[in-house]
Amino acid sequence: MIVARAEHGVSRKDISPNALRVLYKLREGGFQGYLVGGAVRDLLVGGHPKDFDVATDATPEQVKSLFRNCRLIGRRFRLAHVVFGREIIEVATFRANIDDGSGDRETEDGGRLLRDNVYGTIEDDAVRRDFTANALYYAIEDFSVRDYVGGYQDCMDRVLRLIGDPVERYREDPVRMLRAARLAAKLGFTIAPDAAAPIPELAHLLAAAPPARLFDECLKMFLAGHAESSFRTLEDHGLLPALFPETAVALETNRSGALRTMLLQALRNTDERIAQDKPVTPAFLFAALLWPAYCRELAVLQKAGIDPLVAQQRAADRVTLHQAQRIALPRRFSQPMQEIWLLQPRFNQRVRKRVFRLLAHPRFRAAFDFLELRASGTPEVADDVAFWREAQLQAPEQLAERLDPKSPRRDGDADAAQAGEGDDDAPRKRPRRRRRKPGGSGGAPA
Ligand code: ATP
Ligand code: MG
């Protein structure tokens, strides 16, 4: 189907000038040039594309010969990048989803795609894409939208529909299940019933997806302004256990719901920060996403009578190690994530020397923000939040005056600070001294 310019809302003024340059140049060179994929979809539903991809019948080598500022990348999937300062326009040659026996296309036993370099027609290129809404082509020659799979109507209806047989397409590439959840959350689309139905049963296939790719998908889900809705969509479709197995279990067994409350608050804050153009870091995000798993692990170790400090480090290491089998969280993020966790019990301290030491800690700010988050699920933490908020504002001399050089109340009581937050089922080892008058230690099951 061809949707003529007069019938659709994609306007050149919303398209990156560099992408337009590429399209015009391809046409001058005698090739076809189309804007494709997420950009067309986003423009049709009134969104702002974050990148502009181009599809063409020119081979990567032909593209390279047209542009001085072009480099070829990829082996498994050869692409041309046309570079304009900080903006890169990705130009892909039409590909086919067929095995022509040339060895340019390889699949693994389970149907997973390994190599994909067979060139084809625009129709071939359309049907190998994931969702119909992602398979629309904006033609520079007449400004029409070309639709070979019903994607235009699906965009209008705000539906994500897989092209072809959903089970087959998920087996071919399980990450498509995450893309369904992410795009539904981002765009406010619904997942078509036949595309949603097989997900819970096939979610386990994600275990075979490369952990580095899952990390990238996680950043797109949680650090692109729609973290909360992504999380809820993952939960709704049974995808959470495939990505964060231990967090999923911890949330299920946490009867008070404190951990879920806290996690959702963290995701909302992340979305707000992004909306306000404030920086966000994967370390803090993963600290929140894995906090339930950490609390649960810590509770188990403490129940076994292990020394609190040892238990904290061991719980942090175990959770990090287990999670790494699914999602490749680089060390430059996992290390500060652990620090954020390990600093939490220290907010319990009021001894002068220790207070000043914690205030001077390079990770203090992140750890304090995290403490504030915990207060959303565990109101008992509010005392500590109030104390440390004030401590940051006070002049050092003033603060020193308020603090005992030695506190009879809090010193050495940094253990079990959040064990109760994690595990409602395990009998908790109570701190020797009561820290707060009513209600007891942080995270008592409600
Ligand atoms: P976003 O707005 O998040 O960038 P997008 O749809 O543009 O969403 P990209 O990862 O940039 O997502 O992919 C560009 C296009 O490539 C998609 O629109 C889709 O047509 C195709 N595509 C991406 N990933 C897959 C996949 N796993 N299987 C099939 N086609 C895919
Ligand atoms: Mg894109």
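In this predicted model, a polar side-chain atom of arginine 182 sits 2.6 Å from an oxygen atom of ligand 1.

| Residue | Protein atom | Ligand 1 atom | Distance |
|---|---|---|---|
| Arginine 182 | polar side-chain atom | oxygen | 2.6 Å |
| Aspartate 130 | backbone N or O atom | nitrogen | 3.2 Å |
| Glycine 38 | polar backbone atom | oxygen | 3.3 Å |

On its own, ligand 1 has 590 Å² of accessible area, and the protein covers 84% of that. There are 18 residues around ligand 1, and those that come nearest are Lys50, Asp173, Arg176, Arg182 and Lys186.

**Helix H7**

Arginine 182 belongs to helix H7, which spans residues 175–187. Is arginine 182 buried or exposed? Its relative accessibility is 6%, so arginine 182 counts as buried; the cut-off for buried is under 20% relative accessible area. Beyond residues up to four places away in sequence, arginine 182 touches Glu217, Lys220, Met221 and His226.

Alanine 181 is also found in helix H7. With a relative accessibility of 1%, alanine 181 counts as buried. Which residues does alanine 181 contact once its neighbours within four places in sequence are left aside? They are Ile191, Thr233, Leu234 and Leu239. A further pairing is that of alanine 181 with histidine 237: they are 56 residues apart in sequence, and their C-alpha atoms are 7.9 Å apart in space.

**Nonpolar cores**

The largest nonpolar core holds 103 residues, and the members that touch the most others are Leu35, Phe222, Phe244, Phe286 and Trp341. Helix H15 (residues 282–303) supplies the largest share of this core, 13 residues.

Leaving out residues up to four places away in sequence, phenylalanine 286 touches Phe215, Cys218, Phe244, Trp291, Ile327, Leu329, Met337 and Trp341. Two of these partners, Phe244 and Trp341, are also named among the residues that touch the most other members of the core.

A second core is separate and has 15 residues, among them Leu358, Val385, Ala391 and Leu403.

**Helix H16**

Alanine 315 lies in helix H16, which runs over residues 308–324. Alanine 315 has 0% relative accessibility and therefore counts as buried. Alanine 315 and tryptophan 341 are 26 residues apart along the chain, with 10.0 Å between their C-alpha atoms.

Glutamine 153 is part of helix H5 (residues 151–157). Its relative accessible area is 44%, so glutamine 153 is partly exposed. The C-alpha atoms of glutamine 153 and alanine 133 are separated by 8.5 Å, and the two residues are 20 apart along the chain.

Arginine 158 occupies the loop between H5 and strand E11 (159–160). Although arginine 158 is not a glycine, it has a positive phi of about 55 degrees. Arginine 158 is partly exposed, at a relative accessible area of 35%.

Aspartate 277 likewise has a positive phi in a residue other than glycine, with a value near 60 degrees. What is the location of aspartate 277? Aspartate 277 is found in the loop between helix H14 (258–275) and H15. At 74% relative accessibility, aspartate 277 counts as exposed, since the limit for that class is over 50%.

**The chain as a whole**

The protein chain contains 22 helices and twelve strands. How much of the chain is made up of buried residues? They account for 52% of its 446 residues. The chain exposes about 20300 Å², of which carbon and sulfur atoms supply 51%. Among contacts in the chain with a separation of 6 or more, 67% are between residues 24 or more positions apart.

Note on methods
Residues numbered from 1 in each chain as written. Chains lettered and ligands numbered in written order. Predicted model: local features only at pLDDT ≥ 70, side-chain atom pairs only at ≥ 80, totals over all residues. Heavy atoms only, no water. Core = buried A, V, L, I, M, F, W, Y, C linked by side-chain atoms within 4.5 Å. Buried < 20%, exposed > 50% of the residue type's maximum accessible area, 1.4 Å probe, protein only. Helix = DSSP H or I, 4+ residues; strand = E, 2+ residues; numbered from the N terminus. Contact = heavy atoms within 4.5 Å. Near = heavy atom within 4 Å. Polar contact = N/O pair within 3.5 Å; in protein donor to acceptor, adjacent residues only side chain to side chain. Areas by Shrake-Rupley, 256 points an atom, 1.4 Å probe, with all protein chains shown as cover.
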